[in-house]
Amino acid sequence: MPSQTGPSPEEFVHPPADAQPLPPALAREEALGLLRDMVRIRRMEERAIELYSATKIRGFLHLYIGEEAVGVGCMHALAEDEAVVATYREHGHALMRGISARAIMAEMFGKQEGCSRGRGGSMHLFDVSRRFYGGNAIVAGGLPIAVGLALADKLQGRERATVCIFGDGAVAEGEFHESANLAALWHLPVLFFCENNFYAMGTALRRHESQPDLAAKARSYGMPAEAVNGMDVLAVAEAARRSAAFVREGGGPCFLEFQTYRFRAHSMYDPDLYRDKAEVEEWRGHDPIDTFSARLRKAGMLEDADVARIEADAKAEIDDAVAFAEAGTLEPLEHLLVDVTTPAGQEAP
Ligand SMILES: Cc1ncc(C[n+]2csc(CCOP(=O)(O)OP(=O)(O)O)c2C)c(N)n1
Ligand SMILES: [Mg+2]
């Protein structure tokens, strides 16, 4: 049953990205870097769709296609040692935090060479050396973890932010409210980055939120909060940089609502029957890669040769990652209980 409760880009609180002039200070290298990263994520996930159909990737697979401007803009705003806690829709964030496409792809294949040794799969990408604390299958499950990481930083006097990424659906969960309350009460350096794609699985925002203005909800906890155009990578990066500086300087937690849209179904299992095709098509017209490319071309910052190079590099990176994952090793059956149960007679670590 197609619902009429989804958003249209016109209801969106922001003018379209392509109507915005480029900031005069934007350096060409920076702009191309943002574009390159959105393309890397998009192409990696398009390949994941093919590999899923070929049953090389199994289990759940949640794609970020359409939402890339959010992950790229946010992750570009962070310092290298700042922690990120994400959701099951996290392939792009993991790539941006420096987990290699090889380690991500091998993890999706369930191979030992994956970043979680093949035990997590697509939803549980994790790398403590990159301070990327997952990948979490539980809606809102990452929020208390982020608050704990930020509390540790505060107690140990480190001036850095912890970022928590979550969807609009998480704002309806108790964990959001408990986390926002403690972060505000204890003045913790947490960036609450909400990816509002207007749906929690098949439930439209207006059907799951008493207050669909999510920034207003966060503000009620006494933290600054604003809505940002999540289809505009520059708007995202600028807001994320500003809020990260505020948090690092001891301003306490901050909440940004990035309004965005997923072009694909919730996961590969979802027949996507709850929204009109026309709504999806309308949003595709605001594709963050296409609109940003058009703006850069108009400003003379992007030419065909740049696009060809970006595409070729992304393809080479993904081809290499897929070959690496193919050549990887599935865990032997006898490892099934390793790190799951403590062998009899041994103390739990
Ligand atoms: C605590 C909990 N409840 C329900 C689910 C089932 N579930 C998985 S994804 C999802 C929707 C979450 O939507 P949102 O937070 O908006 O994130 P999005 O998938 O849109 O990125 C639900 C209800 C779950 N994983 N965890
Ligand atoms: Mg959502």
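Leaving aside neighbours within four places in sequence, Glu 209 is in contact with Val 171 and Ala 172. In contact means that the C-beta atoms, placed from the backbone, lie within 7 Å. This is a predicted model: local features need pLDDT of at least 70, side-chain atom pairs count only at pLDDT 80 or more, and totals for chains, interfaces and linings use all residues. Residues are numbered from 1 along each chain as its sequence is written, while chains are lettered from A and ligands numbered from 1 in the order in which they are written.

Back to Glu 209. It sits in the loop between helix H7 (205-208) and helix H8 (214-219). Helices here are DSSP runs (H or I, at least four residues), as are strands (E, at least two), numbered from the N terminus. Is Glu 209 buried or partly exposed? Partly exposed, because 18 other C-beta atoms lie within 10 Å. The cut-offs: 20 or more such atoms within 10 Å is buried, 12 or fewer is exposed, and in between is partly exposed, with C-beta atoms placed from the backbone.

Next, helix pairs. Two packed helices are described by the angle between their axes and the distance between the axes. Axes are lines fitted to C-alpha atoms, for helices over the stretch in contact, and angles run from 0 to 180 degrees between N-to-C directions.

First pair: helix H5 (residues 142-155) and helix H6 (residues 174-185). They pack at about 15 degrees, axes 8 Å apart. That makes H5 roughly parallel to H6. The classes: under 35 degrees is roughly parallel, over 145 roughly antiparallel, 65 to 115 roughly perpendicular, and the rest oblique. H5 passes H6 in a left-handed crossing. Left-handed means the near helix is turned anticlockwise from the far one by less than a right angle; right-handed means clockwise. On the H5 side, Leu 143, Pro 144, Val 147 and Ala 150 make the contact; among their partners in H6 are Phe 176 and Leu 182. The contact residues divide into seven nonpolar, one polar and two charged. Nonpolar covers Ala, Val, Leu, Ile, Met, Phe, Trp, Tyr, Cys and Pro; charged covers Asp, Glu, Lys and Arg; the others, Gly among them, are polar.

The crossing is left-handed. From H1, residues including Leu 35 and Met 38 meet H11 residues including Ile 289 and Phe 292. By class, that contact has eight nonpolar, one polar and one charged residues.

The angle is about 45 degrees, with axes 8 Å apart. That makes H4 oblique to H12. Here the crossing is right-handed.

Now helix H9 (residues 233-251). Its buried residues include Val 233, Leu 234 and Val 247. What do the buried residues of H9 pack against? Among the elements are helix H1 (28-53), strand S3 (190-196) and helix H11 (288-298). Just after H9, Gly 252 takes a positive phi of about 90 degrees.

Last, ligand 1. Of the 14 residues around it, Val 139, Gly 167, Asp 168, Gly 169 and Ala 200 come nearest. The shell has seven nonpolar, four polar and three charged residues. Near means a C-beta atom, placed from the backbone, within 6 Å of the molecule or strand.

Key
Contact = placed C-beta atoms within 7 Å.
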